[in-house]
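The sequence and structure come first.

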Amino acid sequence: MAKSLAAEPAGLGRVMSPSGTDYSRALAVRERRFATALLAPAFLALMATTTFPLLYLIWTSVHRMDLAMPFADGFVGFDNYRELLQDSRFWASLAVSLIYTGTTVVLQVVIGLALALLVMGMKRGQGLFRIIAILPVVLSPAVVGMVWRTFMLAPEFGIVDYFAIMAGLGSQNWLGDPTLALVSVVVIHTWQWTPFAFMVLLASLAALPDDIYEAARIDRASAWQRFKRITLPLLRPAIVMVIIMRTMVALTAFAAIFTVTGGGPGTATEILNLYAYRKSFTELSIGYGSALAVALLIVTVLISAVLFAVRRAR
Amino acid sequence: MNMRGQVHFDRIVKMHGNFSALKGIDFTIQPGEFFALLGPSGSGKSTTLRILAGLDMPTSGTVVIDGKDVTALDAKDRDVAMVFQSYALYPHMTVFENIAFPLEMAKVGKAEIEPAVREAARKVKIDHLLDRKPGQLSGGQQQRCALARAIVRKARLFLLDEPLSNLDAKLRLETRIELKKLQRSLGVTAVYVTHDQEEAMTLADRMAVFMEGQIQQIGRPSEVFAKPNSVDVAAFIGSPPMNLIEGRYADGHVEIEGHRLRTSHQIAGSRNVIVGIRPGAMRLEAGGLPATVDLVEDLGDTAVLDLTLGGATLRARVSDGPVPKEGQAVSVTARPEDIHLFDATTRKRL
């Protein structure tokens with residue numbers, strides 16, 4: 001068999017090979033070069049805008065770089081990180097970050113899923129609901145923060161405060177009280193980003209086949225059993241994906257909190273990102289601020305790794 | 001045999017907006033019967049099954065199962081099992097979990113579920129696949145899994161919505177035979193929707209022929225085949241379909257294209273009729289209708305001839321004797337008792 005195969009193209013071989021194979025190899029090399037040339041600009045731009053700043057950040061984090069005291073600048077090794085581990089404000093901001101992320105993500109998924117289930121059951125007006133729901137997402141977080149601070153939460157004048165007074169709770173200092181301020185920023189983030197979870201989960205719900213729900217009805221499953229045994233497991237990939245994406249964004253949230261509370265009162269709403277910003281650009285201690293940013297990066301990567309592992313499981 | 005599973009449909013109407021999908025369906029299915037709903041697509045047979053299952057509600061009319069009015073009951077409260085055309089397996093569950101699901105929903109104890117699932121899987125020969133997910137099964141195996149999920153519950157009614165239509169031809173034949181054996185051994189009432197008249201003929205004890213939202217005829221397959229009660233049923237049942245030619249009846253004879261054939265029908269007076277002759281009942285004998293052979297389809301043991309007779313085209317299936325050549329002139333006839341007569345205006349059997 002092998003012999004006949006080898007014998008067959010012998011006549012052709014005189015024309016084709018060995019120069020034929022050389023030619024195709026040359027062609028492959030040339031194509032690879034062309035592909036590299038096409039990729040190069042994008043690759044370089046990406047390197048310049050992401051990889052280089054990241055490396056520079058790590059480089060800065062092992063230096064003392066204090067704009068208020070430039071004479072003391074210099075390489076300090078892991079001193080910034082050692083200081084960070086002793087820094088109670090770092091631990092406090094990390095805790096705020098985790099609370100903020102945990103609550104906002106859970107609320108977004110739960111409310112988003114509830115809304116998606118509700119809208120799936122709607123016979124009319126689904127399209128309108130989708131458009132209304134998407135509006136908060138397209139607003140800039142900074143604008144959202146300003147709107148909430150002025151129109152919604154301002155004592156006496158804000159809509160939320162008005163309803164609190166109406167409900168007999170009295171006027172509250174929504175952004176001045178440490179606990180209420182944290183609740184407020186959580187609510188604002190949830191308000192803005194739940195539509196994202198809603199849209200993703202609605203799309204996944206719509207893609208689930210009707211016939212398995214009919215089969216489940218025939219199999220005598222109640223509405224709750226159908227939700228628990230069929231909808232939830234089938235939506236699991238979408239839910240995990242929403243959790244991953246929203247967690248990463250929540251961990252690195254900035255603009256809304258910055259415009260609403262600036263991290264205050266005191267450090268009540270100071271998430272790690274905001275602490276790094278304050279350290280770097282308010283206290284001008286850029287080296288230590290960089291170390292904080294690297295710490296945030298490590299936390300984000302670790303949490304993402306865990307979530308991706310969860311996603312792969314099963 | 002258990003005596004559960006009697007079904008009665010009373011004047012069931014189903015409207016989709018202004019379109020009436022079912023225009024008043026009446027039938028009764030006896031316990032243990034294999035009942036086929038046969039008809040072309042869009043004739044209302046699947047809608048009928050879905051109303052019986054409780055997946056859709058009729059616009060008016062009553063569904064009675066075992067003497068109890070279940071019209072307003074949801075599917076989950078009707079104690080029926082169903083095999084879907086698409087199989088509708090739960091994609092995230094293993095075969096075992098799929099089959100166990102209806103038992104879990106019925107709060108059957110864990111200790112009973114395991115042997116019941118294995119028994120059902122064994123009956124449909126997928127007991128070696130229990131750990132697989134539906135996505136890892138072939139079409140035929142998925143179909144068996146859907147069957148096992150339906151039989152594991154021992155429901156009083158077993159509904160099948162075109163269960164074989166997604167299988168290849170060979171597997172369809174095999175499964176058809178097994179399905180019949182399975183239904184007999186379980187003794188359960190089965191309602192089977194199909195557009196394939198061969199499936200209905202071979203499987204069903206009785207069948208209802210659906211056309212445009214109405215039942216045209218109910219009866220045993222052999223009865224429906226032997227005595228179709230309208231031109232539409234006659235044209236639908238049988239392969240190749242019955243030859244239907246306009247003609248005229250007068251004292252024991254029909255006149256087709258100016259030629260006379262004797263029939264065993266005795267009707268008073270003379271009238272315009274539609275004459276029906278099954279291809280298999282056509283005989284190539286002298287003294288019949290002169291025709292020309294247009295085309296010969298040789299099927300090995302039989303041959304189907306396309307014949308031209310004046311302006312009409314007829315088909316004849318011949319299984320013995322020499323097969324005529326294309327272009328050859330032949331004489332065709334049929335025995336008097338093989339000639340069906342239908343009224344030319346009402347299209348009903350005479």
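Over how many bridges do strand β1 (residues 7-16) of chain B and β2(B) pair, and in which sense? They pair over eight bridges, in the antiparallel sense. Within this pair, B:Ile12 stands opposite B:Ile25 of β2(B).

This is a predicted model, in which local features need pLDDT of at least 70 and side-chain atom pairs count only at pLDDT 80 or more, while totals for chains, interfaces and linings use all residues. Residues are numbered from 1 along each chain as its sequence is written, and chains are lettered from A and ligands numbered from 1 in the order in which they are written.

**Strands of chain B**

Helices (H or I, at least four residues) and strands (E, at least two) are DSSP runs numbered from the N terminus. Two strands pair if DSSP finds at least two bridges between them. The strands β1 and β2 belong to an open sheet of four strands in chain B, with the order β2-β1-β4-β5 and antiparallel pairing. Its edges are β2 (19-29) and β5 (68-69) of chain B; each has a single partner strand, so one side of each is left without a neighbour in the sheet. In a regular strand the side chains alternate between the two faces of the sheet.

Strand β15 (residues 283-298) of chain B is joined to strand β18 (residues 329-333) of chain B by six bridges, and the two run antiparallel. Here B:Ala291 stands opposite B:Val330 in β18(B). Six bridges also join β15(B) to strand β16 (residues 303-309) of chain B, again antiparallel. In that pair B:Asp298 stands opposite B:Ala303 in β16(B). The hairpin of β15(B) and β16(B) has four residues between the strands, and B:Gly300 in this hairpin takes a positive phi near 95 degrees.

**Helix α4 and the cores**

Helix α4 (residues 139-151) of chain B has 13 residues and reaches 19 Å from its first C-alpha to its last, close to the 18 Å expected at 1.5 Å a residue. That expected span is 1.5 Å times one less than the number of residues.

A residue is buried if 20 or more other C-beta atoms lie within 10 Å of its own, exposed if 12 or fewer, and partly exposed in between, with C-beta atoms placed from the backbone. Since 10 of the 13 residues of α4(B) are buried, the helix is largely enclosed by the rest of the structure. Among the buried ones are B:Cys145, B:Ala148 and B:Arg149. The cover over the buried residues of α4(B) includes β6 (80-83), α2 (95-105), α3 (110-123), β7 (157-161) and α5 (169-186) of chain B.

A nonpolar core is a set of buried Ala, Val, Leu, Ile, Met, Phe, Trp, Tyr and Cys residues joined through C-beta atoms within 7 Å. The largest one has 103 residues, and those with the most contacts inside it are B:Ile99, B:Ala148, B:Leu159, B:Val191 and B:Tyr192. This core draws at least three residues from each of domain 1 (7-230) and domain 2 (240-343) of chain B. The domain bounds come from an automatic or database domain assignment. The C-alpha centres of the two domains of chain B lie 39 Å apart.

Contact between two residues is set by C-beta atoms, placed from the backbone, within 7 Å. Leaving out residues up to four places away in sequence, B:Ile99 touches several residues, including B:Val117, B:Cys145, B:Ala148 and B:Arg149.

In chain A, A:His189 lies in helix α9 (residues 178-207). A:His189 counts as buried because 27 C-beta neighbours lie inside 10 Å. Residues up to four places away in sequence aside, A:His189 touches A:Thr104, A:Ala250, A:Ala253 and A:Ala256.

Between the chains, 17 residues of chain B are in contact with 14 residues of chain A. On the chain B side, β6 and α2 are the elements that give two or more residues.

A cis peptide bond joins B:Ser239 and B:Pro240, with omega about -5 degrees. B:Pro240 is placed in the loop between α8 (231-236) and β11 (243-250) of chain B.
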